[in-house]
Amino acid sequence: YHKGDSAKVKAEERAAADPLLQWIERYPKMFRIWLGPMFPLVAVTHPETLKIILGASGPNRKSRLYQLIEPWLGTGLLTSFGAKWKSRRRLITPTFHFTCLAGYFDVFERETLQLIEKFGAAADTGEAFHVYPLITHGTLDIIMECAFGSSLNAQRDSNLPYVKSVYQMLDYTFHRFLKPWQWLDKMYACTPAGWKYRRCMNILHSHTQSVIASRIKALKESSSTSEGPACFLDMLLQCKDEFGNHLSPADVQEEVDTFMFEGHDTTSAAITWCLYLLACHPDAQRKVHEELDQVLGGSPPTHASMTKLRYTTAAINEALRLLPPVPFIARYLQEPISVGGFTVPAGIDLLTAPIAVHHNPAVWEHPWRYEPERFLSLRDTAMGARGDSWAFIPFSAGPRNCIGQQFAMLETRVVTAGLLQKFSLSAPPDQTVDFEVKIIMRPLNGKLLLKATRRHPAVPEPATCSD
């Protein structure tokens with residue numbers, strides 16, 4: 001293990017996933033990986049062993065690798081553990097209540113209309129276009145307005161320094177994960193990558209701090225609060241902990257930056273993969289179109305109509321199963337734990353991988369097939385055909401599951417429904433689509449071609465009564 005198994009996993013080509021999938025077939029429940037010569041990981045890839053790690057009695061602390069993003073995100077909800085995590089989770093959970101999500105719907109719809117304009121312009125050329133950049137700029141505008149109360153207008157101008165810095169920070173962070181000699185902050189700070197990382201981080205932090213200061217001033221000057229909080233930031237500034245204390249500006253910055261980090265590229269990848277898979281499976285796309293025509297007719301999506309889109313939701317869930325945006329989740333053991341008949345000692349990092357569980361042939365039949373019907377067979381469609389909530393974990397599971405999963409699913413449904421209501425999609429038959437497995441699993445270099453054709457929703461005939 002001179003370089004460790006990380007040398008086998010290349011970050012910028014599809015081969016990144018191949019060794020992992022080979023190991024899953026050989027060891028369907030758990031196996032060991034080395035990152036360099038001194039950093040072992042134990043990978044857990046089956047629901048039976050997974051629930052021991054992610055369940056209520058499992059380790060609460062995230063992997064030591066998460067410390068590499070603390071300079072950017074601090075110790076907010078994603079990276080904290082123990083008492084601080086419990087306090088923050090309890091404090092922030094009400095901000096994702098369904099009544100708050102309903103308030104974000106207008107933002108989802110407004111930014112989707114801009115995406116429809118972009119798709120329409122591409123459709124009118126008759127040529128295929130790269131869909132991922134359009135989607136990711138749209139979701140960035142959505143998350144910015146929901147977080148800060150103002151749009152970044154990334155769909156209008158993708159060259160803004162903040163936009164570039166967001167994408168670059170994700171890449172710099174992942175490449176640092178794979179280079180143990182750069183894990184020491186002082187050593188990393190002396191490298192060219194460390195300089196670029198610091199520059200991007202300063203841009204992101206300066207923007208967040210400026211917006212927080214402006215919102216604090218606006219709230220103090222406002223004479224009326226009858227309309228309630230308008231965005232995630234406002235809710236954070238107004239909420240109080242169990243002792244009646246407000247979060248400090250630094251605490252608020254941690255959570256807003258975390259919200260941006262977790263809620264932007266993940267959703268854009270989910271929407272992109274869903275559109276791509278539907279473009280490759282015309283029968284499934286036809287069923288989505290039929291449902292949208294039946295439920296929506298020619299009208300725009302509404303918050304109430306989202307719950308009626310069962311097949312569309314199943315198509316999204318199956319895309320999340322087949323190509324989960326977050327490929328890896330990791331925990332750190334502070335005490336020994338028994339998993340799969342083995343005792344894993346304290347001080348070891350445990351890796352749980354949605355991409356592994358979702359493609360484990362011992363868990364899912366024909367795991368590489370796209371079959372939305374898997375998620376229509378049960379009352380709880382989030383469990384899929386297995387009926388096992390631990391077999392489908394795109395948003396993690398257990399106490400530390402994604403707090404914003406309902407936000408992400410609503411956003412994904414609105415954007416997907418809005419686009420497919422207006423367009424039919426197809427994929428060039430000679431296209432080879434590769435994916436890169438980094439912090440987010442997305443199209444390699446953002447390149448994924450689709451062709452859009454305008455369609456006119458079929459409005460159902462009104463029911464008539466006969467004499």
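Predicted model: local features only at pLDDT ≥ 70, side-chain atom pairs only at ≥ 80, totals over all residues.
**The whole protein**

Let's start with the big picture. The secondary structure comes to 16 helices and 11 strands. The protein has 467 residues, and 55% of them count as buried.

Strands of a sheet pair through backbone hydrogen bonds, either parallel or antiparallel. Here, three strands make an open sheet in the order S3-S11-S8, and the pairing is antiparallel. Strands S3 and S8 stand at the edges with a single partner strand each, so one side of each has no neighbour in the sheet. S8 is joined to S11 by four bridges. To find one of the bridge pairs for yourself, look at Leu-425, whose partner in S11 is Ala-452. Helix H16 packs on this sheet and touches both S8 and S11. The direction of H16 makes about 95° with that of S8.

Here are the elements of this region, with their residues:

| Element | Residues |
|---|---|
| Strand S3 | 129-130 |
| Strand S8 | 423-426 |
| Strand S11 | 449-454 |
| Helix H16 | 405-422 |

**Two helices that meet**

Two packed helices are described by the angle between their axes and the distance between the axes. Now look at helix H13 (residues 282-296) and helix H14 (residues 310-322): their axes come within 8 Å and cross at roughly 145°. On the H13 side, the residues that meet H14 are Ala-284, Lys-287, Val-288, Glu-291 and Leu-292. H14 brings Arg-310, Tyr-311, Thr-312 and Ala-315 to this meeting. Sorted by class, the contact has five nonpolar, one polar and three charged residues.

**A closer look at Arg-442**

Finally, find Arg-442 in strand S10, which covers residues 441-443. Is Arg-442 buried or exposed? Its relative accessible area is 8%, and because buried means under 20%, Arg-442 counts as buried. Which residues does Arg-442 touch, leaving out those up to four places away in sequence? They are Tyr-132, Leu-170, Asp-171, Asp-265, Trp-273, Asp-434, Phe-435 and Glu-436. With Asp-171 there is also a polar contact of 2.7 Å, which joins the side chains of Arg-442 and Asp-171.

Notes:
Residues numbered from 1 in each chain as written. Heavy atoms only, no water. Pairing = 2+ DSSP bridges. Helix = DSSP H or I, 4+ residues; strand = E, 2+ residues; numbered from the N terminus. Contact = heavy atoms within 4.5 Å. Axes fitted to C-alpha atoms, helices over the stretch in contact; angles between N-to-C directions. Nonpolar A, V, L, I, M, F, W, Y, C, P; charged D, E, K, R; others polar. Buried < 20%, exposed > 50% of the residue type's maximum accessible area, 1.4 Å probe, protein only. Polar contact = N/O pair within 3.5 Å; in protein donor to acceptor, adjacent residues only side chain to side chain.
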